[in-house]
Every structure is written in C-alpha cells, then in structure tokens.
Amino acid sequence: MHRVYSAENFYIGQLFLEPIPIHGMIKIFAMKNEIILLLISLLPITLVAEKSLFDGKTLDGWDGNPLHWHVEDGSIIGVNTKENPTKGNTFLIWKGGELKDFELTLECKIDSGNSGIQYRSFIKPGTHDGWRVGGYQADFESGDNYSGICYGEAFRGILSLRGDRTTLTRDESGKLVKSIEKIGDKGKLGLAIKKGGWNQYRIVADGFRFEHFINGQKMSELVDEDVQERRESGLLAFQVHAGPPMKVYFRNIVLK
C-alpha cells in the first residue's frame with residue numbers, strides 16, 4: 001500500500017524527513033523499515049511573488065501633481081476640476097522601476113470622464129512638469145466605448161478596440177497595418193463593466209502580447225509586431241485626462 005503526500009514536511013513514525021522541494025507528486029512507499037521515495041515527475045513549479053504597489057494610506061512610491069492626485073479612504077484618487085484644470089493629460093507615475101513582462105491587477109472606478117493605466121511607458125520628450133507620459137494604455141472611462149481597449153498615448157493612437165485581437169505590422173512603405181480578429185462583441189463585453197462601481201482590471205504583458213481583462217472578461221488583445229515602435233519595457237502610471245471635470249479611483253494594486 002502507499003499514500004500520496006503533498007506537504008513539504010513528512011512525519012512517519014518517529015522519522016522526520018527534511019523539507020522536500022515539490023517538483024511533482026511524490027509517492028512514499030512504506031515497506032517494513034525502508035522508505036522509498038519515488039519521484040513521479042520533474043515538472044517545475046514557478047513561484048511568482050506578488051507585490052502590493054499601494055499602502056492604502058499615502059502616495060509613497062508614486063509621483064504626480066498634488067493638485068490632481070491624493071489618497072482618500074484607502075484609494076488613490078485622480079481629479080480634474082474647474083478650479084484646477086490640467087493643461088494636457090497628467091499622470092501619477094510609479095517610481096519602482098520599469099516593467100517588462102508582468103501581470104497587474106487592481107480595482108478602479110470612475111465618476112466621470114476618461115482615464116487609463118499606462119504600462120511600458122515613457123516620459124514624453126520636451127519641456128514640461130515631468131508628469132507627461134506616453135506608451136501603452138489600458139483605457140477606462142465613464143462612457144460606453146473605450147473601457148478595455150489598448151490605446152497608444154502619444155504612441156500610434158488606438159491600437160486594439162474592445163472585442164478585438166489586433167496584430168500590428170508595417171507594410172513596405174512603412175505604414176502601420178492592423179490585422180483584426182474578433183474575440184467578442186463590444187456591446188456584450190461592455191455589460192461586464194460596472195458603471196460607477198468598482199471593477200477589477202487585469203493587464204497581462206507577455207513578450208509583445210498584451211491582454212486586458214475587466215471583471216474576468218477579456219476585453220482586448222494586442223500583438224505588437226511593429227518592430228519600429230513597440231516597447232520591451234517602461235513605466236507604470238495612472239492618467240487624469242484633460243478637458244471636462246473628472247474623478248477616478250484606484251486601489252488594491254498588485255503586481256506579479
């Protein structure tokens with residue numbers, strides 16, 4: 001007879017087996033006074049560490065214009081008001097370094113206007129206050145059209161719409177070409193978004209494939225084969241959009 005164990009420490013009688021890295025299922029055969037460890041498989045298990053990027057109380061680790069960003073009731077809040085309008089889109093930038101391949105999960109809601117989550121992004125060139133960013137953006141808005149899309153902020157414009165898997169290439173003349181495959185219906189996917197409520201947003205960047213999920217539903221996918229402009233790494237940031245007054249909230253920001 002044999003028993004199958006999945007724990008890392010084993011006690012058999014008075015014998016203690018030291019912690020064993022679990023690379024697969026280990027069957028332990030007890031035969032009289034002998035114990036034979038049989039390693040069934042050598043399939044590696046990759047342990048991915050999660051990192052919280054927001055302490056729920058302060059903007060430690062983040063940098064943005066204090067006229068437009070603050071913390072309240074456990075959330076990062078971005079605002080554009082009539083009293084303090086932003087001149088151009090402004091961003092709250094995570095100062096923990098550049099991201100390459102990653103999975104980011106957070107909760108967000110928006111009262112009005114348009115916002116987004118920048119990733120693999122860059123500080124825009126030129127003279128400005130330092131809070132101007134371009135790059136890939138996971139869009140999030142109070143309206144019905146753009147939440148979930150992949151937008152290129154100062155970076156080629158709309159890259160992949162909701163319900164689309166878009167592959168970007170260049171033709172012989174250097175013109176950007178979009179090849180589109182439908183992965184869902186834009187309207188039906190929009191029904192998964194809680195307007196005015198909290199939504200879970202998940203972004204997966206793997207090589208040059210980027211996937212956006214809201215509340216568990218895949219909203220868009222981008223395969224960037226535009227070797228002229230695609231980006232291997234870059235900054236993470238949140239957007240306050242210029243224009244009419246707006247207010248956006250972010251919390252439970254986890255990177256892995």
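A salt bridge is taken here as a side-chain nitrogen of Lys or Arg within 4 Å of a carboxyl oxygen of Asp or Glu. By that criterion, a search of the whole structure, which is a predicted model, finds 16 salt bridges.

One of these salt bridges joins the side chains of Arg202 and Glu103, with an N to O distance of 3.6 Å. The two residues belong to distant parts of the chain, 99 residues apart: Arg202 is in strand S18 (residues 199-206) and Glu103 is in strand S11 (residues 102-112). Arg202 is partly exposed, at 25% relative accessible area, and Glu103 is partly exposed as well, at 21%.

Asp224 and Arg156 also meet through their side chains in a salt bridge, at 2.7 Å from N to O. Because Asp224 lies in strand S20 (residues 217-224) and Arg156 in the loop between strand S14 (150-153) and S15, this pair ties together parts that are 68 residues apart in sequence. Asp224 is buried, with a relative accessible area of 1%. Arg156, at 18% relative accessibility, counts as buried too, since the cut-off for that class is under 20%.

Strand S20 also holds Glu221, whose partner Arg209 is in strand S19 (residues 209-214), so this pair ties together parts 12 residues apart in sequence. The closest N and O atoms of the Glu221 and Arg209 salt bridge are 2.2 Å apart. Glu221 is buried, with a relative accessible area of 2%, whereas Arg209 is partly exposed, at 36%. Both residues belong to a network of salt bridges that links Arg165, Glu181, Arg209, Glu211, Lys218 and Glu221.

The strand pairing can be followed next. Seven strands make up an open sheet with antiparallel pairing, in the order S7-S10-S21-S12-S13-S14-S15. Its edges are strand S7 (62-63) and strand S15 (157-160); each has a single partner strand, so one side of each is left without a neighbour in the sheet. Within the sheet, strand S12 (residues 114-123) pairs with strand S21 (residues 235-240) in the antiparallel sense over three bridges. Ser121 has Leu235 in S21 as its bridge partner.

Cysteines are the last topic. A disulfide is a covalent bond between the sulfur atoms of two cysteines. A search of the whole structure finds zero disulfides. Cys108 is buried, with a relative accessible area of 0%, and Cys150 counts as buried at 1% relative accessibility.

Methods: Residues are numbered from 1 along each chain as its sequence is written. This is a predicted model: local features need pLDDT of at least 70, side-chain atom pairs count only at pLDDT 80 or more; totals for chains, interfaces and linings use all residues. Side-chain values use heavy atoms; hydrogens and water are left out. Two strands pair if DSSP finds at least two bridges between them. Helices (H or I, at least four residues) and strands (E, at least two) are DSSP runs, numbered from the N terminus. A disulfide is a pair of cysteine sulfur atoms within 2.5 Å. Buried means under 20% relative accessible area, exposed over 50%, partly exposed in between (1.4 Å probe, protein chains only).
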